[in-house]
Amino acid sequence: MEKQFIASIDQGTTSSRVIIFNEKGLVVSSQSKEFRQYFPKPGHVLHDANEIWDSVMYCFKNALKKANLDFKDISAIGITNQRETTVMWNKITGQPIYKAIVWQSSQTQAISDQLVDEGYQDLFKEKTGLLINPYFSATKIRWYFENIKEAKELADDHKLAFGTIDSWLIWKLTNGEKHITDYSNASRTLIYNIYDLKWDDELLDILEIPKTILPEVVSSSGVNAYTSEKITGVKIPISGIAGDQQAALFGQTCFNKGDAKNTYGTGCFLLMNTGESPKKSKNGLLTTIAWGMNDKIEYAIEGSIFVAGSAVQWLRDGLSIIKSAEETETLAQQTKSNLGVYFVPAFVGLGTPYWVEEARGSFFGITRGVTKNHIVRATLEAIAYQTKDVINLMEEETGITLKILKVDGGASNNNFLMQFQSDILNNVIRRPKIFETTALGACYLAGIGIKLWKKDDLINMWNLDQSFNPVMKDKERNELYRNWQRALRACVAFADKENY
Ligand code: ADP
C-alpha cells in the first residue's frame, strides 16, 4: 500500500493533541499542548476558543515537523473533541462573542432547573435521549442569549453561529466556509432529535434558540469539507468527525451490536453499540448517536461512573498509603482475597444506576487482620463492581448481551483490575496497544471517509495488547457480587438520615 498519512485532531478538555497516523493505522508522531482553564466563579468553567484553535494549530505543525512531513503530505484530517462544550461566534468577524462554556460548567444550573420545574424532562428525554442537565449544549446556548447582549442582535441579523468544538475547528480550518457538525456531536446538544434526525423545532421554541445559528449536520465519515489553502497551504479533506466517547468506541472497533468499551480514567465512561435501533433507558443511561455514515445511523447507550481512578488517587494523595497508582497492581496481587473488605467509593454520591446523591464513601467488613493491601484491593474491586452494575443495567434495558468489553484509559493498565473485571463480568476483556483510542477513532473515520480503509480492514489493524479471560468459579463470583450489593445497600442506608 502506498504511504499515506492521516492527521487526527483530538481536542480535549484540558489539552489539545494532534497525532499523525500512517496507512497501517500506526502512530507516526504526536504533539499535545495544554491550554488555560478559566474559573470566573465557583462551578463556572470556560475556555477561550481562540486559544483552543491556536493550541490545535501548534500541535498540528509540531506533529508534522516531528515526522518530517508537511501539510501537503496529509491525505485526510479526522476531528474528535470534548463534547457539548459550546462556542458562539460572529460569522462576519469570525470572533467568539464570549468564552466557550465547557461541558462540566454548572453556570446554567438555574436554566436547567427551570426547564425541569416546568415539566419538560420527559419531552427532552423522549426526543434527544439525554436528560435535562447543564452538561449539554442547549442551556449553554440559552445562557448566551440571556447574558451576552450582542447575541440577540447578531442572531436577528443572521450573523451568529453556534457550534460544539468540532464545528468551531472546521469553521477555522475552512476559513469560515463551512459551518457543520456530525451526528454524534449533534446528539449531545439536547436540541437534536436523534430519531427524526433533525434540529427539533419544539425544543428550539422552548429554549428560544433561532434555527439560523445552528450548523448543518453531516455524516461522521466522508469528505464533508476541505481545509482552506489560506490555513494549510493546500486543500486537505476533513473526512472524519466524532465526539470523543463515540470516537473511542469507533477506535476500539466496537462496530457490532453488543460491543462495548470502558474508559477507566478519573471516572469511567461506558458505551455499548446498540446497532441501528436506539434503546431507551428508564434508569439514567443516555441514548446517543454513535455515528452516522453511509446513510446509516448507529446508536449507543452510555453510562458513566463518577469515581474510578480518582479513588486510587485518593489512596495516594488523601490517605498516603501508596506512592503511585501503578503500585496498586502488585499490592492487590499480594493478598489472596479481599478478606471480606468492600469499599463503596461514593465520594460525590452514587450515580448510575443507584442515584443517591447524599451517599458517601464507606468501607465495610474491616477486621484486625486487614492491611493496606486489602484496602487497595477493595478500591480496585470497587471499580470493577461499579462497571458490572452499569453493564448489567445496559443488558437489562437494551435486551442486548455484552459480547466483548474493550478497555482503555489510565487504570486499564492495571492487570489485577482487568483480570478481576473479566472474572466479575464473566466476559472476555481486550486491551489495545494504542491507548489513544479517541484519536485512533477519528483517524479510522477519516480513513474510511477517503476510502483508504473499510471497517473490516480496521478490525484486522486494531492491535491487541492483552486479553483477559474469566477464570473465577461461578460460586465465588456470585458471592463477591452479592456482598458488594450488600455494601451498597448499607451505604445507601447510612445516607438515609430519617429512617436509620
Ligand atoms: P483522565 O483522562 O480522566 O485524566 P487517565 O486515563 O489519564 O484519566 O487515567 C488516570 C487515572 O487512572 C487516575 O485517576 C489514576 O489514579 C488512575 N490510574 C492510572 N494508572 C493506574 C494503574 N496502573 N492502576 C490503577 N489506577 C491507575
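## Ligand shell and a buried asparagine

Helix α11 (residues 309–317) contributes the most to the shell around the ligand, with four residues; helices here are DSSP runs of H or I with at least four residues. This is a predicted model, in which local features need pLDDT of at least 70 and side-chain atom pairs count only at pLDDT 80 or more, while totals for chains, interfaces and linings use all residues. Residues are numbered from 1 along each chain as its sequence is written, and side-chain values use heavy atoms, with hydrogens and water left out.

**Who surrounds the ligand**
- Among the 13 residues around the ligand, T266, G309, Q313, G410 and N414 come nearest; a residue counts as near if one of its heavy atoms lies within 4 Å.
- Sorted by class, the shell holds nine polar, three nonpolar and one charged residues, with Gly counted as polar.

**Polar contacts and cover**
- A polar contact is a pair of N or O atoms within 3.5 Å.
- The side chain of N414 places an N or O atom 3.0 Å from a ligand nitrogen.
- On the backbone side, a polar atom of G309 is 3.0 Å from a ligand oxygen, and an N or O atom of A325 is 3.4 Å from a ligand nitrogen.
- On its own the ligand has 580 Å² of accessible area, and the protein covers 68% of that (Shrake-Rupley method, 1.4 Å probe).

**A look at N273**
- N273 sits in strand β16 (residues 268–275); strands are DSSP runs of E with at least two residues.
- N273 counts as buried because its relative accessibility is 0%, where buried means under 20% relative accessible area (1.4 Å probe, protein chains only).
- A polar side-chain atom of N273 lies 3.0 Å from the backbone oxygen of C254.

Key. Polar contact = N/O pair within 3.5 Å; in protein donor to acceptor, adjacent residues only side chain to side chain. Buried < 20%, exposed > 50% of the residue type's maximum accessible area, 1.4 Å probe, protein only.
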